[in-house]
Amino acid sequence: MIDMFMNSVTLFFQGKLFKEPGKVFRQTLIGAVTTAILCVVLANIGLTLWIAVLVSAFVGGALQPWLFKDLKYS
């Protein structure tokens, strides 16, 4: 199991884990920006900061499988 993990990490840092690294970067950026915007909006509408962070982190984490569903590995 640790060998598979180490192999994946090595391929990731060599840029060979995904067939389309640009798409991986774009999808990650979409998720991060969405989470950040949601956090700011929730904090501005009056939620305490820790609740805004908790809710936006949950939504951002739930969004990741949908964003990454079409990624292809090398």
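Biologist: A polar contact here is a pair of N or O atoms within 3.5 Å; within protein, one must be able to donate a hydrogen and the other to accept it, and residues adjacent in sequence count only if both atoms are side-chain atoms. With that settled, which backbone oxygen does the side chain of Gln27 reach?

Modeller: The backbone oxygen of Leu67, at 2.9 Å. This is a predicted model, where local features need pLDDT of at least 70 and side-chain atom pairs count only at pLDDT 80 or more, while totals for chains, interfaces and linings use all residues. Residues are numbered from 1 along each chain as its sequence is written, and side-chain values use heavy atoms, with hydrogens and water left out.

Biologist: Is Gln27 buried or exposed?

Modeller: Gln27 is buried, at a relative accessible area of 11%. Buried means under 20%, exposed over 50%, and partly exposed in between, with a 1.4 Å probe and protein chains only.

Biologist: What does Gln27 touch?

Modeller: Leaving aside residues up to four places away in sequence, Gln27 touches Leu67 and Phe68. A contact is heavy atoms within 4.5 Å. Gln27 itself lies in helix α2.

Biologist: How many helices and strands does the protein have?

Modeller: There are 3 helices and 0 strands, in the order α-α-α from the N terminus. Helices (H or I, at least four residues) and strands (E, at least two) are DSSP runs, numbered from the N terminus.

Biologist: Next, Ser56. Where is Ser56 found?

Modeller: In helix α3, residues 49-67. Ser56 counts as buried because its relative accessibility is 4%.

Biologist: Which backbone oxygens lie by a polar atom of its side chain?

Modeller: That of Ala52 is 2.8 Å from a polar atom of the Ser56 side chain, and that of Val53 is 3.2 Å from one. Not counting residues up to four places away in sequence, Ser56 touches Thr35, Leu38, Cys39 and Leu42.

Biologist: What is the radius of gyration of the protein?

Modeller: 16 Å, whereas a compact globule of 74 residues would have one near 11 Å. The radius is taken over C-alpha atoms, and the globule rule is 2.2 Å times the number of residues to the power 0.38. Along the principal axes, the C-alpha atoms fill a box of roughly 45 × 25 × 20 Å.

Biologist: How many of the 74 residues count as buried?

Modeller: 16% of them.

Biologist: And what share of contacts between residues at least 6 apart joins residues at least 24 apart?

Modeller: 59% of those contacts do, with separation counted in sequence.
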